[in-house]
Amino acid sequence: MKRAQIIDRSRDAHFMREALALAAAGAALGEVPVGAVLVQDGAIIGRGFNCPISSHDPSAHAEMVAIRAAAQAADNYRLPGSTLYVTLEPCSMCAGLIVHARIQRVVYGATEPKAGVALSRGEFFSQAFLNHRVLIEGGVLAEECGAVLSEFFKARRATR
């Protein structure tokens, strides 16, 4: 039997603000501003922002960077009981990693209508073939998360 989880909205907003700060750090480097933090037992154990351009690594999405850091900190490739906070709905690559890492819950801010797979382009996490279930919560600080992305792309278009 799956136990019920009590969701603390103020806690979710707090950690999403941490992810937003990381998104800003990425934007300052010219990266698409997406930030992520991985929380276990109330503490951040992994942080990341998009950095595929600066790292020359197409897999260096914010989620991927935060999960790698968390796995190193936990000394385990599995992160049960953890929550990933990310400013943008995860893509298919990151969704697969989330399942393999056994993350319990994903909280995201803005939807990603082109490539998001939590809800926008299909509900990946509810697929019957998956051997791990992930709880999904979208829309936390969605306006702020979306605004960071909109401003980044608006500025980028203005310089072209």
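Predicted model: local features only at pLDDT ≥ 70, side-chain atom pairs only at ≥ 80, totals over all residues.

Trainee: Okay, where does UniProt place the "binding site"?

Mentor: The unreviewed entry puts that feature at His-61, Cys-91 and Cys-94. They span 34 residues in sequence, yet no two of their C-alpha atoms are more than 9.3 Å apart, so they gather at one spot.

Trainee: What does His-61 touch, leaving aside its neighbours within four places in sequence?

Mentor: With those set aside, His-61 is in contact (heavy atoms within 4.5 Å) with Asn-50, Cys-91, Met-93 and Cys-94. His-61 sits in the loop between helix 2 (52-55) and helix 3 (62-74). Helices here are DSSP runs of H or I with at least four residues, strands are runs of E with at least two, and both are numbered from the N terminus.

Trainee: And Cys-94, buried or exposed?

Mentor: Buried, with a relative accessible area of 1%. The cut-offs are under 20% for buried, over 50% for exposed and partly exposed in between, using a 1.4 Å probe and protein chains only. His-61, at 22%, counts as partly exposed. Cys-94 is found in helix 4 (residues 92-100).

Trainee: What about the "active site", where does UniProt put that?

Mentor: At Glu-63, again from an unreviewed entry. Glu-63 lies in helix 3 and counts as buried at 3% relative accessibility. Leaving aside neighbours within four places in sequence, its contacts include Cys-91 and Cys-94, along with Leu-84, Val-86 and Leu-88.

Trainee: Switching to the sheet: what's the strand order?

Mentor: It's an open sheet of five strands in the order 2-1-3-4-5, with mixed pairing. Strand 2 (43-49) and strand 5 (135-137) are the edges, each pairing on one side only; two strands pair if DSSP finds at least two bridges between them. The twist averages 15 degrees from one strand to the next.

Trainee: How do strand 1 and strand 3 pair?

Mentor: Strand 1 (residues 35-40) pairs with strand 3 in the antiparallel sense over four bridges. Val-37, for example, has Tyr-85 in strand 3 as its bridge partner.

Trainee: Which strands does helix 3 touch?

Mentor: Helix 3 packs on the sheet against strand 1, strand 2 and strand 3, and its direction makes about 145 degrees with that of strand 2. Axes are lines fitted to C-alpha atoms, for helices over the stretch in contact, and angles run from 0 to 180 degrees between N-to-C directions.

Trainee: Last topic, which residues of helix 5 are buried?

Mentor: Cys-145, Gly-146, Leu-149 and Phe-152. Seen down the axis of helix 5, the buried residues fall within an arc of 125 degrees, so they line one face of the helix; the arc is that of the directions from the helix axis to the C-beta atoms.

Trainee: What do those buried residues pack against?

Mentor: They pack against helix 1 (9-28), strand 3 (83-88) and strand 4 (105-110). On the other side of helix 5, Glu-143, Lys-154 and Ala-158 are exposed.

Technical notes: Residues numbered from 1 in each chain as written. Heavy atoms only, no water. UniProt positions renumbered as here; feature names shortened; annotations may be inferred.
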